[in-house]
Amino acid sequence: TLATGIYEEALQKERVRYLIPDPQEQEALMRVIYDGVKADAPTYRYRKDMEQVLRRMAARGAHYFILGCTELPLAFDLLGLQNPHIDPTTELAKAAIQFCGYPLRTGF
């Protein structure tokens, strides 16, 4: 997702300030994704990595997190994290439902 620049381009277009995980944070996120969620590992194996990325990025000024890889919302839910975030897959599903002319259910 980072390599495509899809979020950076959209955020720049709307003049929204953003941060990108630094290389160390990117490595930690890859561990969360591949060694954690995809491996169906217990959450204690990747909790520290996920929380450290959130903490470090917040210290650099991040207030909201785009969970731009499909495994990251799963990690957030499994870890019970409450940081402000957006799940792009959920937002895409909502837009598709509305595009088809259907209303969204409350609580979705």
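What we have here is a predicted model, in which local features need pLDDT of at least 70 and side-chain atom pairs count only at pLDDT 80 or more, while totals for chains, interfaces and linings use all residues. Residues are numbered from 1 along each chain as its sequence is written, and side-chain values use heavy atoms, with hydrogens and water left out.

Let me start with the overall layout. The protein chain contains five helices and two strands, and, if you read along the sequence, they come in the pattern α-α-α-β-α-β-α. Along the principal axes, the C-alpha atoms of the protein chain fill a box of roughly 40 × 35 × 25 Å. Of the 108 residues in the protein chain, 29% count as buried, where buried means under 20% relative accessible area, exposed means over 50%, and partly exposed is anything in between, with a 1.4 Å probe and protein chains only.

Now to the largest pocket. Rolling a probe the size of a water molecule over the atoms shows where empty space is left. On a 1 Å grid over the protein atoms alone, a pocket is an open set of points where a 1.4 Å probe fits, with protein on both sides within 12 Å along at least five of seven lines, and a lining residue has an atom within 4 Å of a point. The largest pocket has a volume of about 880 Å³, a volume being the space filled by probe spheres set on the grid points, which are joined across faces, edges and corners. Its lining is made up of 36 residues, and those nearest the centre of the pocket are L19, I20, P21, M57 and I66. Two or more lining residues come from each of α1 (6-13), α2 (23-37), α3 (47-59), β1 (65-66) and α4 (71-79), and the largest share, five residues, is contributed by α2.

Next, the packing of α2 and α3. These two helices pack at an angle of about 150°, with their axes 9 Å apart, the axes being lines fitted to C-alpha atoms over the stretch in contact, and the angles running from 0 to 180 degrees between N-to-C directions. That angle makes α2 roughly antiparallel to α3, because angles over 145 degrees count as roughly antiparallel, under 35 as roughly parallel, 65 to 115 as roughly perpendicular and the rest as oblique. In passing α3, α2 makes a left-handed crossing, that is, the near helix is turned anticlockwise from the far one by less than a right angle, whereas clockwise would be right-handed.

Turning to the loops, R15 sits between α1 and α2, and its phi is near 60°, a positive value in a residue other than glycine. R15 is exposed, at a relative accessible area of 78%. D40, in the loop between α2 and α3, also has a positive phi, near 55°, and is likewise not a glycine; D40 is exposed, at 71%. K38 is found in that loop between α2 and α3 as well, and is partly exposed, with a relative accessible area of 48%. The C-alpha atoms of K38 and E8, 30 residues apart along the chain, are separated by 26 Å.

Finally, a few C-alpha distances. K48 belongs to helix α3 and is exposed, at 65%; K48 and V32 are 16 residues apart in sequence and 9.3 Å apart in space. A58, also placed in helix α3, is partly exposed at 40% relative accessibility, and A58 and L19, which are 39 residues apart in sequence, are 9.7 Å apart in space. L2, in the segment before α1, is partly exposed at 40%, and L2 and G68, though 66 residues apart in sequence, are 8.4 Å apart in space.

Methods: Helices (H or I, at least four residues) and strands (E, at least two) are DSSP runs, numbered from the N terminus.
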